[in-house]
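Here is a short walk through one protein structure. Keep the model in view and follow along.

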Amino acid sequence: MSALIKYIDKPHPVTGVTNSKLGIWCFIASEIMLFGGLFSAYVLLRSGSTTWPHAATVLNVPLATLNTLILITSSVTMVMAWASSALRDYNKFRMYLGLTVLLALAFLVIKGIEYGHKFEHHHFPKESIFFAIYFTMTGLHGLHVLGGIVVNSYFLLFGKRMWDEHPEQFTGRIEAAGLYWHFVDLVWIFLFPLLYLV
């Protein structure tokens, strides 16, 4: 026996939001606890460490700055994809969501280049606490970017049927995907100054 959770396109009278939005907010809350723990670990390790490298001397700040701009731009294209979905403009929706996916891929390529430079200089997680937490936090964030690429690519490549048959549900799912994507961007907005600038 299986339970069916019916999709609602109007806010539920008890929660005040649709069930998809409630679900994604609960998921994001769990993610906040995960990254909150990592940020706390970073602060404790750094405050307890006698030596800590100056980030600009061991990390590539220009590449990280470029990646920050790329992620911020991808948040804008994600909003435009959702707005195009709400306005029922399929061509614009595909264009903006495709741009979001491409920008996310560009972020990962640049991160891969940055990782490659670290490995060339024999900077590995085992080398120091700094590099251990750097690779842990940026690697976990990169996995979240990859998750966003998979979800958005699914809607881009296989979403036409739901677009035609259940437009309100489709727009609700794009909104949920957008909330996740903005969370991923927000995590990077905190990671960038903490790891690269402080």
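Start in the middle. The largest nonpolar core has 54 residues. Phe93, Tyr134, Trp188 and Tyr196 have the most contacts inside it. Six helices each supply at least two residues of this core: H1 (19–48), H3 (61–86), H4 (90–120), H5 (129–158), H6 (160–165) and H7. The largest share comes from H7, with 16 residues. Bear in mind that this is a predicted model.

Now pick out tryptophan 188. Leaving aside neighbours within four places in sequence, which residues is tryptophan 188 in contact with? They are Ala64, Asn67, Thr68, Leu71, Phe107, Lys111, Thr138, His141, Pro193 and Tyr196.

Next comes aspartate 185. It is found in helix H7, which spans residues 167–197. Aspartate 185 is buried, yet it has no salt bridge. Where is the nearest side chain of opposite charge? It belongs to lysine 111, 13 Å away. A salt bridge needs a nitrogen and an oxygen within 4 Å. Aspartate 185 does touch Leu71, Ser74 and Ser75, not counting residues up to four places away in sequence.

Lysine 111 has a partner elsewhere. It forms a salt bridge with glutamate 114, and the closest N and O atoms are 3.0 Å apart. Both residues lie in helix H4, three residues apart, about one turn of the helix. Lysine 111 counts as buried, at 5% relative accessibility. Glutamate 114 is buried too, with a relative accessible area of 0%. Buried means under 20%, so both residues qualify.

How many salt bridges does a search of the whole structure find? The search finds four. Another of them joins glutamate 175 and lysine 21, with the closest N and O atoms 3.0 Å apart. Glutamate 175 lies in helix H7 and lysine 21 in helix H1, so this pair ties together parts that are 154 residues apart in sequence. Glutamate 175 is partly exposed, at 27% relative accessibility. Lysine 21 is also partly exposed, at 24%.

Aspartate 164 is partly exposed, with a relative accessible area of 47%. Lysine 160 is partly exposed as well, at 35%. Lysine 160 also lies over the face of tyrosine 90, at 4.9 Å from the ring centre.

Arginine 88 is placed in the loop between H3 and H4. It has a positive phi of about 60 degrees although it is not a glycine. At 38% relative accessibility, arginine 88 is partly exposed.

Histidine 122 also has a positive phi, near 60 degrees, and is likewise not a glycine. It is found in the loop between H4 and H5. Histidine 122 is exposed, with a relative accessible area of 58%.

Finish with the rings. The structure holds 27 aromatic pairs. One of them is stacked: phenylalanine 119 and phenylalanine 124 lie 5.3 Å centre to centre, with 10 degrees between the planes. Phenylalanine 119 is partly exposed at 36%, and phenylalanine 124 is partly exposed at 32%. Tyrosine 154 and phenylalanine 155 form an edge-to-face pair, 5.8 Å centre to centre, with 70 degrees between the planes. Phenylalanine 155 is buried, with a relative accessible area of 9%.

Key: Residues are numbered from 1 along each chain as its sequence is written. This is a predicted model: local features need pLDDT of at least 70, side-chain atom pairs count only at pLDDT 80 or more; totals for chains, interfaces and linings use all residues. Side-chain values use heavy atoms; hydrogens and water are left out. Helices (H or I, at least four residues) and strands (E, at least two) are DSSP runs, numbered from the N terminus. Buried means under 20% relative accessible area, exposed over 50%, partly exposed in between (1.4 Å probe, protein chains only). Lys and Arg count as positive and Asp and Glu as negative; His and the chain ends are not counted. Contact means heavy atoms within 4.5 Å. Rings of Phe, Tyr and Trp (its six-membered ring) pair if their centres lie within 6.5 Å; planes under 30 degrees apart count as stacked, over 60 as edge-to-face and the rest as tilted. A charge sits over a ring if NZ of Lys or CZ of Arg is within 6 Å of the ring centre and within 35 degrees of the ring normal. A nonpolar core is a set of buried Ala, Val, Leu, Ile, Met, Phe, Trp, Tyr and Cys residues joined through side-chain atoms within 4.5 Å.
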